[in-house]
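Look over the structure first, then read on.

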Amino acid sequence: MTGIESATGGFGSGGNALGRDNYLNHERGIKSWLLTRDHKRIGVMYLVVILSSFFLGGIFAELIRTKLLTPGNSALMKADTYNQMFTLHGAIMIFLFVIPGIPASLGNFVLPLMLGAKDVAFPRLNLASFYLWVGGATLALVSMVTGAVDTGWTFYTPYSTTTNTNVILMVAGVFVLGFSSIFTGLNFVVTIHKLRPAGMTWFRMPLFLWGIYGTAIIQIMATPVLGITLLLLIAERALGIGIFDPALGGDPVLFQHFFWFYSHPAVYIMILPAMGVISELVSVFSRKHIFGYTFIAMSSIAIAVLSFLVWGHHMFVAGQSTLSSMIFSFLTFMVAIPSAVKVFNWLATMYKGSIWLATPMLYVLSFLFLFGIGGLTGLFLGALAVDVHLHDTYFVVAHFHYVMFGGTVIAFLGGLHYWWPKMFGRMYSEFWGRIGALLVFVGFNTTFFTQFVMGSHGAPRRSYHYQPQFEAYHRLSTIGAYILGVGFVVIAVYLIHSLLRGRPAPANPWGGATLEWQASSPPPHDNFASTPAVGDPYDVEAWTWDGAVGGFVRRTPAEQPAGS
Amino acid sequence: MNLGRDVVGRLFNWAGVQAAGGFWMPEQGSTTAVAVDHIFSLVLWVSVFFFVLIVTLMVVFVVRYRRRPGRLEAEPSPTHNTPLEITWTVIPIAITIGIFVWGFKVYLDVNTPPANAYEVMVTGQKWKWLFTYPNGHVDENLHVPVDTPIRLVMTSEDVIHGFYVPAFRLKRDVVPGRYVKVWFSALEPGEYQIYCTQYCGTGHSDMWAKVVVHRPGGFERWLEQASNFMKTMPPAKAGEMLYRTRGCAQCHTVDGSGGTGPTWKGLFASHVPIEGGRVMVADEDYIRTCILDPTKNVPVGFQPVMPTFKGRLKDDEITAIIEYIKTLK
Amino acid sequence: MAAGTTGEGTVAGARTHRVAHHFDNAEQQFESGKLGMWIFLATEILLFGGLFCAYAVYRSNHPEVFIYAHRFLDKTLGAINTAVLICSSFTMALAVRAAQLGRRRQLVGLLGATVALAACFLGIKGLEYEKKWKEGLLWGAHFHAKLAPAPPALPQTLPPVPAAAGEERSLIPPAAIGPAGLARPGQPAVAEGPEGPPHDVQVFFAVYFLMTGLHGVHVIIGMALLSWMMVRAGRGEFSPGYLTPVDLTGLYWHLVDLIWIFLFPLLYLIR
């Protein structure tokens with residue numbers, strides 16, 4: 001027992017609380033979960049439903065890829081079914097998985113802990129957000145059964161106002177999901193503003209919280225515009241309001257402006273928390289203070305602000321004026337800068353560190369590789385003349401997946417592996433963890449890199465039939481998708497196995513210096529027995545491995561290495 | 001200045017083609033394609049440089065600084081370095097502004113047609129393209145002369161479509177209720193693929209057509225011959241051509257399935273119940289009346305929504321359509 | 001767990017009221033609630049912001065339609081409604097004041113007055129809607145009014161339709177397959193002549209019904225909230241130390257009022 005443990009609440013051996021009172025066993029029974037206001041339990045419930053949606057969206061993806069093995073008609077599905085499949089894949093992955101993904105599951109669990117608070121500002125609203133998510137998801141599922149939409153996840157008018165699938169129900173579902181997102185964002189902003197304990201100044205906040213804060217701002221500012229857009233779409237379909245109908249004096253392209261005014265910032269809703277996760281992980285697993293804290297924090301805010309000004313780059317070929325295209329192109333290049341700054345800062349953090357290649361760090365390296373490609377291919381799409389060629393081809397599909405999957409999902413997996421011991425008090429198999437990370441990396445690149453090549457050769461996306469010249473690329477891509485699928489099955493199996501048989505986790509298995517590692521694993525109902533002492537969140541060198549505990553413990557002042 | 005830019009452009013293009021060997025872009029079919037590929041190559045090499053830089057640093061750091069016995073602690077190093085961070089903020093800004101300016105310049109060229117361009121009207125509909133030439137001829141493929149600026153005036157009849165010719169690096173959304181204009185000038189005679197890139201429903205991925213680029217003189221010959229299809233084709237064939245290109249196919253099917261109007265399959269000589277209780281025989285006279293005065297004899301179960309084709313179809317064209325309907329047993 | 005630290009550092013002279021376990025004190029809780037409400041109001045403004053943008057786009061696309069069609073709205077009823085809502089904001093402000101002073105009966109009465117004024121607003125709005133319905137002055141596909149030619153008194157300085165001016169003329173005569181748009185079977189054509197009403201008058205009514213309709217929904221939500229506050233005030237739940245719900249409902253109600261203050265001139269008083 002080191003002295004520090006008694007100072008932070010006196011946990012038992014290694015700070016594992018599985019046998020004692022923790023948030024998982026504080027109350028028992030289904031009802032205690034369904035009606036909980038504990039941010040940790042809500043985070044875990046989000047994790048369950050969000051990963052289920054990811055699984056469902058993934059099945060659609062595998063079916064789509066299987067159809068695309070051959071260029072012509074397929075016995076697997078007809079063109080209409082294919083159109084519904086890619087719409088559902090997109091809508092489920094975007095609205096049910098990636099947008100709420102990191103903030104609602106990892107964010108909910110970690111945010112108050114990192115901040116040193118007992119809960120989010122409005123626990124009841126937090127639970128309401130969860131049930132709004134469930135309600136929205138239910139509407140979306142019902143629409144799937146009663147006439148799955150075939151509009152693409154972007155719901156472009158006038159196609160969406162004239163197709164005979166169940167657009168209203170799906171759109172209503174997304175509308176409700178939007179409210180869930182708004183309330184989560186509102187909750188987080190108020191929590192960060194008002195519930196910081198003494199000593200937790202803005203610039204002592206972990207960078208994950210800066211990422212979540214930037215995300216929350218976008219959620220609050222952009223989602224209402226999606227709300228009104230979807231209401232207009234519903235009014236157009238149900239009442240024939242004529243606002244997007246050229247025959248009635250409406251303008252179908254206005255919908256695209258409205259939609260992208262939300263959906264472009266939404267891309268940053270997805271990526272900002274991911275960048276926050278990477279900032280945490282890269283410091284902890286390099287055993288070194290993060291490099292350039294202020295630049296990383298400020299670049300999150302810069303991204304949040306600039307993200308509102310670039311929606312028009314989705315419409316370079318839709319017929320907006322040359323002047324607007326010019327402005328949007330310029331701003332698009334500017335929004336790339338903060339991301340580049342972050343990448344350089346993360347690399348500098350690794351410099352002269354002690355790089356520990358544990359599973360979460362493998363995801364960080366994957367992220368740098370994949371997000372590097374995703375970000376750089378954005379330059380092609382930002383350059384007006386080149387975008388004209390690449391727009392609406394597989395190049396865009398690949399770019400989008402490199403950013404959303406290579407960025408957000410990889411960071412989500414990294415964060416999940418990083419906080420898993422804290423959430424459930426057990427370690428997963430490190431060996432299988434690395435295998436899983438490798439499979440995902442290889443499978444992902446095989447699937448989507450081929451799509452860059454296919455796209456630059458002019459293969460249009462959302463195509464059931466394609467030219468025979470693209471068959472080889474499609475085959476390779478599908479093989480990649482299968483490898484990816486196997487990777488996810490491996491991950492699911494060892495994570496579930498760890499819940500039952502995993503080695504009990506210490507309070508601080510990775511040597512993180514943020515506050516959540518001062519709580520036991522899993523944390524008690526009230527997070528901290530006493531308000532934890534707030535220090536530098538990246539002072540990871542103050543923590544050292546202790547074989548007796550099986551985790552990291554804080555050095556006593558005498559052990560501090562000179563110069564840090 | 002111009003020369004310098006030209007040399008740099010050529011260099012990039014050469015490097016792009018050499019290194020990739022056509023790995024990335026399709027053939028260059030238009031003047032625009034050449035200009036676009038220059039920028040593509042520039043961005044490609046900038047991206048490759050930064051990507052290699054990032055991955056190399058990453059790999060070198062992992063190898064040199066990986067955690068191992070004797071290296072359980074990080075070496076002391078600064079936690080920030082403002083001049084360095086400003087440097088790696090400013091350099092990317094400068095590079096991206098460069099890419100932006102060049103990309104915008106080419107975009108302007110692509111969007112400014114020369115004054116003497118030859119005009120073809122393009123109509124997108126579910127799920128095909130129709131091309132109307134200045135003499136009124138309508139065709140399902142786009143025929144153009146080589147080395148001539150062509151201006152396309154495009155609109156859609158239903159939902160938004162996307163007109164895309166990869167070899168020309170040409171793409172534009174085709175929006176109902178407005179006319180959008182693009183132009184190109186083809187470099188080599190040959191056939192090039194046209195796609196629809198804006199998702200438009202069941203047949204979206206079948207909405208293919210060809211650009212046929214003719215040698216000098218060939219286009220005029222083709223247009224004359226194609227416009228005279230009424231004289232050169234048998235009437236039933238000509239009628240089928242009219243069916244496909246003059247808007248009949250929008251509402252009338254030829255395979256017996258439903259539509260806004262009655263199907264043409266088995267229509268000829270059948271007994272048609274008319275609104276008001278009459279029954280008429282669908283003979284030549286009946287069909288002709290339906291084309292010229294559609295609201296006079298509306299079949300039971302259909303709305304009187306067909307526009308008149310008086311003045312839009314000539315007598316011999318109507319005859320050809322009737323001949324075509326006769327073949328649909 | 002009742003591990004909340006209650007009692008310390010509350011607002012001076014106030015009775016402590018149920019501080020949730022994760023807050024340090026009542027002041028922090030109140031401040032959080034207030035910030036949350038302001039953020040929520042910001043999202044409401046953005047929700048309407050979308051409609052204001054749509055208004056701006058369609059007004060600049062069809063300026064003649066807006067100038068022509070706004071005459072069909074009843075300025076008198078609109079003005080009365082504006083006054084009614086301003087009064088209701090005033091009674092709401094007085095209600096918050098009454099809550100701060102702990103005057104329970106006064107609070108209930110003033111909340112009741114606010115609800116009554118809101119109901120009055122909706123009643124007048126209903127009269128206007130009914131008139132439009134009867135005259136067929138509806139949105140999009142349902143517009144079927146027989147419009148009289150614009151009276152000569154109307155100023156003749158209408159700006160030109162932007163699409164026609166300066167547009168390059170195509171050399172090609174329109175083909176038989178020109179753009180038909182998404183015409184629906186049986187859709188009534190709006191009569192058009194040299195002095196007839198402008199094209200696409202229904203656009204104005206689409207915007208009018210969308211904006212006032214969404215505002216009306218907010219008024220109804222506000223009435224529900226106010227009634228709930230009345231019930232709680234009647235039970236004596238509020239005190240000078242705890243009036244956050246009344247305060248927040250007040251903020252919401254002022255926003256609903258404010259949005260109408262923008263809608264009225266934009267729709268009724270176009271010049």
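## Where chains A and C meet

Helices H8(A) and H1(C) are oblique to each other, because they pack at an angle of about 40 degrees. Their axes are 8 Å apart. The crossing of H8(A) past H1(C) is right-handed. This is a predicted model.

Which residues do the meeting? From H8(A) come Ile220(A), Met221(A), Pro224(A), Val225(A), Gly227(A), Ile228(A) and Thr229(A). They meet Ile39(C), Ala42(C), Thr43(C), Leu46(C), Leu47(C), Gly49(C), Gly50(C) and Leu51(C) of H1(C). By class, the contact of H8(A) with H1(C) has 10 nonpolar residues, five polar and no charged.

H8(A) covers residues 207-239 of chain A. It also packs against helix H9 of chain A, residues 252-285. The two axes come within 8 Å and cross at roughly 165 degrees. That angle makes H8(A) roughly antiparallel to H9(A). Here the residues in contact comprise 21 nonpolar, eight polar and one charged. H8(A) passes H9(A) in a left-handed crossing.

## A parallel pair in chain A

Helix H3 of chain A spans residues 39-67, and helix H5 of chain A spans residues 123-145. They pack at an angle of about 15 degrees, with axes 10 Å apart. H3(A) and H5(A) are therefore roughly parallel. Their crossing is left-handed.

On the H3(A) side, the contact uses His39(A), Ile42(A), Met45(A), Tyr46(A), Val49(A) and Ser53(A). On the H5(A) side, it uses Pro123(A), Asn126(A), Leu127(A), Phe130(A), Trp133(A), Val134(A) and Ala137(A). The residues of this contact divide into 10 nonpolar, three polar and no charged.

## One residue in detail

Thr332(A) sits in helix H11 of chain A, which runs over residues 322-350. Is Thr332(A) buried or exposed? It counts as buried, because it has 27 C-beta neighbours inside 10 Å.

Setting aside neighbours within four places in sequence, Thr332(A) is in contact with Val310(A), His313(A) and Gly382(A). Ser307(A) lies 25 residues from Thr332(A) in sequence. In space, the two are 8.5 Å apart, C-alpha to C-alpha.

## Chain C as a whole

Chain C has six helices and zero strands. Its pattern along the sequence is α-α-α-α-α-α. Of its 271 residues, 34% count as buried. Take contacts in chain C between residues at least 6 apart in sequence: 74% of them join residues at least 24 apart.

Helix H6 of chain C, residues 244-268, has 25 residues. From first C-alpha to last it reaches 36 Å, close to the 36 Å expected at 1.5 Å a residue. Its buried residues include Val246(C), Leu248(C), Trp253(C), Asp257(C), Trp260(C) and Leu263(C). Among the elements that cover the buried residues of H6(C) are helices H1 (26-61), H3 (75-101), H4 (104-135) and H5 (202-234) of chain C.

## Where chains A and B meet

How many residues does each chain bring to the contact of chain B with chain A? Chain B gives 70 residues and chain A gives 75. On the side of chain B, the elements giving two or more residues are helix H2 (31-65), helix H3 (82-111), strand E6 (161-165) and strand E7 (170-174). That side has 43 nonpolar, 16 polar and 11 charged residues.

Conventions: Residues are numbered from 1 along each chain as its sequence is written. Chains are lettered from A and ligands numbered from 1 in the order in which they are written. This is a predicted model: local features need pLDDT of at least 70, side-chain atom pairs count only at pLDDT 80 or more; totals for chains, interfaces and linings use all residues. Axes are lines fitted to C-alpha atoms, for helices over the stretch in contact, and angles run from 0 to 180 degrees between N-to-C directions. Helices (H or I, at least four residues) and strands (E, at least two) are DSSP runs, numbered from the N terminus. Angles under 35 degrees count as roughly parallel, over 145 as roughly antiparallel, 65 to 115 as roughly perpendicular and the rest as oblique. A crossing is left-handed if the near helix is turned anticlockwise from the far one by less than a right angle, and right-handed if clockwise. Ala, Val, Leu, Ile, Met, Phe, Trp, Tyr, Cys and Pro count as nonpolar, Asp, Glu, Lys and Arg as charged, and the others, Gly among them, as polar. A residue is buried if 20 or more other C-beta atoms lie within 10 Å of its own, exposed if 12 or fewer, and partly exposed in between; C-beta atoms are placed from the backbone. Two residues are in contact if their C-beta atoms, placed from the backbone, lie within 7 Å. The expected span of a helix is 1.5 Å times one less than its number of residues.
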